[in-house]
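Dear colleague,

Please find the structure below. My notes on it follow directly after.

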Amino acid sequence: GVKFIRCKAYFNTANYSGTTANSNSFEVDDFSRNVTILDCEGYFSYCGIEIKGHDDAAAARDVRVNGFRAKWTNNGIVARHDGFGNTSGGEQQSESAFNVILSNIVVESPLEWLSGGSTKASLRMYAYDGFIVNNFKVIQGAAPADYYGTGTGTVGVMSFLFSGRNVQMNNIRIDGFNASNGISIASTSSGRYIIDNLILTNGPL
């Protein structure tokens, strides 16, 4: 397997961050297996961590993140398999997107960069089966002095989208945000969604 241990990835300032959707601090891409990210940090990027697969490839799977801090990123963590979920052909389930465990995560001040209008979020997932989140804290915080984004709205601080399956969340805390939902779960999700110990303060319902 592959391990990242005590690594930090960042742009030096908001003036250089988030200009494209590929400016990720850490990315676990097509066909990756048995990847561990331990005690790492990501700043001023589009995604703190992106775990994914393209539509013509198998998705990354068996990924474990333990101890991660994302600050001033558009998205804290994203896990997705392109071409699955809500597509022109209807709902499709990935046969390779499995087994992601996120533990001891802090996402602070996710921001909307001028990079195609993507809405900020602390966590986004679609088309993964077996997705476990333990001890995940989201803090609205403050933007940096040179922040040049425009919007403040969020659909869901944590969003579970198309064809996600069998999700378990333990000890989730969301503090702040002008959002319609703290946790948004798509109606097309299947399998069990278990949430144990959720705290929302100063923000969404």
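Strand E16 gives the most to a nonpolar patch, with three residues. The patch lies on the surface and is formed by Ile 185, Ile 195, Leu 198 and Leu 200, which together have about 280 Å² of accessible area. Patches are made of residues with over 30% relative accessible area and no salt bridge, like charges being joined within 9 Å and nonpolar side chains (Val, Leu, Ile, Met, Phe, Trp, Tyr) within 5 Å. A salt bridge here is a side-chain nitrogen of Lys or Arg within 4 Å of a carboxyl oxygen of Asp or Glu. Areas come from the Shrake-Rupley method with a 1.4 Å probe, and for residues only the protein chains shown count as cover. Strands (E, at least two residues) are DSSP runs, numbered from the N terminus. Ile 195 is found in E16 and is partly exposed, with a relative accessible area of 39%; buried means under 20%, exposed over 50%, and partly exposed in between (1.4 Å probe, protein chains only).

The model is predicted: local features need pLDDT of at least 70, side-chain atom pairs count only at pLDDT 80 or more, and totals for chains, interfaces and linings use all residues. Residues are numbered from 1 along each chain as its sequence is written, and side-chain values use heavy atoms, with hydrogens and water left out.

Turning to the aromatic residues, a search of the whole structure finds five pairs. Rings of Phe, Tyr and Trp (its six-membered ring) pair if their centres lie within 6.5 Å; planes under 30 degrees apart count as stacked, over 60 as edge-to-face and the rest as tilted. The rings of Phe 26 and Phe 68 have centres 5.9 Å apart and planes at 85°, so this pair is edge-to-face. It links distant parts of the chain, with Phe 26 in strand E3 (residues 26-28) and Phe 68 in strand E6 (residues 61-71), 42 residues apart.

Phe 160 is buried, with a relative accessible area of 0%.

Finally, seven of the seven residues of strand E5 (residues 47-53) are buried, so E5 is largely enclosed by the rest of the structure. Three bridges join E3 to E5, which run parallel; strands pair if DSSP finds at least two bridges between them. Six bridges join E5 to strand E7 (residues 75-81), also parallel, and Ile 49 stands opposite Ile 77 in E7.

With kind regards

Terms used:
Helices (H or I, at least four residues) and strands (E, at least two) are DSSP runs, numbered from the N terminus.
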